[in-house]
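Here is a brief report on pockets, cavities, surface and backbone. Please look over the model before reading on.

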Amino acid sequence: MVDLNGQYQSIKEQVNSSISQILDSSTYINGPQVHAFQKELETYLNVKHVIPCANGTDALQIAMMGLGLQPGDEVITADFTFAATVEVIALLRLTPVLVDVNPDDFNINIEAIEKAITPKTKAIVPVHLFGQCANMDEVMRIAEKHNLFVIEDNAQAIGADYTFANGEIKKAGTIGHVGSTSFFPSKNLGCYGDGGAIFTNDDKLAHTLRGIVNHGMYERYHHDVVGVNSRLDSIQAAVLSAKLPKLDEYCEKRRVAAKKYTAAFKGQQHIIVPETINSKGEDVYKNHVFHQYTLKITNGKRDALVKHLNENGIPCGVYYPIPLHNQKAYADSRYNELDFVVTNQLVKEVISLPMHTELDDEQIDFITNTIIEFVNN
């Protein structure tokens, strides 16, 4: 699904040199590389505060801890996403409220958010799925109307832009009260292990978050808040510093590959490609960073196609095969299947294709021809 080694070869000298320096200095935790990467990412995102941490799941959890959410508070998020988003809500004994998504961009449905709000609702977690931003104009409007926090799950959309209705452009993850991301190796900006970060423009919140990630300490052995052990290590920071200047290039290469996929599937009745024009009439490919390139196979052959691709040496993924509201850990008698019509359909149809910066025309041709031949057979 990703060619991490091919990407590594282009930055090998810088990465190896940086890691050697860390090994020589033995500054493995909170070394100068971590602080340097923090500043670099703040500049790239045009955000006041970046708080590095150990992984993307921790980033979400720490963001919620920093906002002071209390057990029983309701948090609305998308049913169609990876479990980490709802996992941290449950871990903090908050109440997850899952809602349906849109059929075209797979992101959280605005009408479903409004329908789900109760007096106990305290936050919304829009997930920028597969590399495309949720409708943040509307999410922020709803949040302001109901006095709710917005926590952006930006694990799949680092580098993406969001264009507001008034023409203003901001980076994904910097729009809500706080944003989080993952640097898992397969992400558009990935390290060589686990890593994550939290973003905010709120000075007070940033101070709280910095304490939480380090056992609640601002001064050694003085624990001012309840915290966790979640720090980005120096080696991962060095890798990320090598990759960050190339992030826009990486994202553009993914867009080019996506356009080639889409062109190859043009006119295929049973293959629905990612949307190219959104409801605002904008070119989605301008802002989409294509963490995943996800098709919908509408003739019931999705599972058979997965098997066929695997037999032909073509990696693929089904993200996601089971709705969160049907997962044993998050089942709730309040949920009504009629409220999840889109998600319940998507889990039967979606399939994600190889997507990375090293894809070439020969690979794309082989992948698309194999799919078209099978689906139409």
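## Largest pocket

The lining of the largest pocket divides into 12 nonpolar, 12 polar and 3 charged residues. The model is a predicted one. In total, 27 residues line this pocket. F82, A155, Q156, S182 and K187 lie nearest its centre. The volume of the largest pocket is about 520 Å³.

## Cavities

How many cavities of 30 Å³ or more does the structure hold? There are 2.

The largest cavity has about 80 Å³ of space. Its lining counts 14 residues, and D104, F106, Q132, P274 and H288 lie nearest the centre. By type, the lining of the largest cavity splits into 7 nonpolar, 4 polar and 3 charged residues.

The second largest cavity has about 60 Å³ of space. Residues from several parts of the numbering line it, including V2, D3, L4 and Q7, then P185, S186 and K187. K243, R254, H356 and T357 are also in the lining of the second largest cavity. Here the division is 3 nonpolar, 4 polar and 4 charged.

## Nonpolar surface patch

L23, Y28 and I29 form a nonpolar patch on the surface. Together they have about 280 Å² of accessible area. I29 sits in the loop between helix 1 (4-25) and helix 2. Is I29 buried, partly exposed or exposed? I29 counts as partly exposed, because its relative accessibility is 46% and the exposed class starts over 50%.

## Backbone

Most residues other than glycine have a negative phi, and most peptide bonds are trans.

N46 has a positive phi, near 55 degrees. N46 is placed in the loop between helix 2 (32-45) and strand 1 (49-53). N46 is exposed, at 67% relative accessible area.

N147 also has a positive phi, about 60 degrees, and is not a glycine. N147 is in the loop between helix 6 (136-146) and strand 5 (149-153). N147 counts as exposed because its relative accessible area is 68%, and the cut-off is over 50%.

Which residues does the cis peptide bond join? The bond links Y319 and Y320, with omega at about 20 degrees. Y320 lies in the loop between helix 11 (302-311) and helix 12 (341-349).

Key. Residues are numbered from 1 along each chain as its sequence is written. This is a predicted model: local features need pLDDT of at least 70, side-chain atom pairs count only at pLDDT 80 or more; totals for chains, interfaces and linings use all residues. Side-chain values use heavy atoms; hydrogens and water are left out. Helices (H or I, at least four residues) and strands (E, at least two) are DSSP runs, numbered from the N terminus. Buried means under 20% relative accessible area, exposed over 50%, partly exposed in between (1.4 Å probe, protein chains only). On a 1 Å grid over the protein atoms alone, a cavity is a set of points where a 1.4 Å probe fits but cannot get out, and a pocket is an open set with protein on both sides within 12 Å along at least five of seven lines; lining residues have an atom within 4 Å of a point. Grid points are joined across faces, edges and corners, and a volume is the space filled by probe spheres set on the points. Ala, Val, Leu, Ile, Met, Phe, Trp, Tyr, Cys and Pro count as nonpolar, Asp, Glu, Lys and Arg as charged, and the others, Gly among them, as polar. Patches are made of residues with over 30% relative accessible area and no salt bridge: like charges are joined within 9 Å, nonpolar side chains (Val, Leu, Ile, Met, Phe, Trp, Tyr) within 5 Å. Accessible areas come from the Shrake-Rupley method with a 1.4 Å probe; for residues, only the protein chains shown count as cover. A salt bridge is a side-chain nitrogen of Lys or Arg within 4 Å of a carboxyl oxygen of Asp or Glu.
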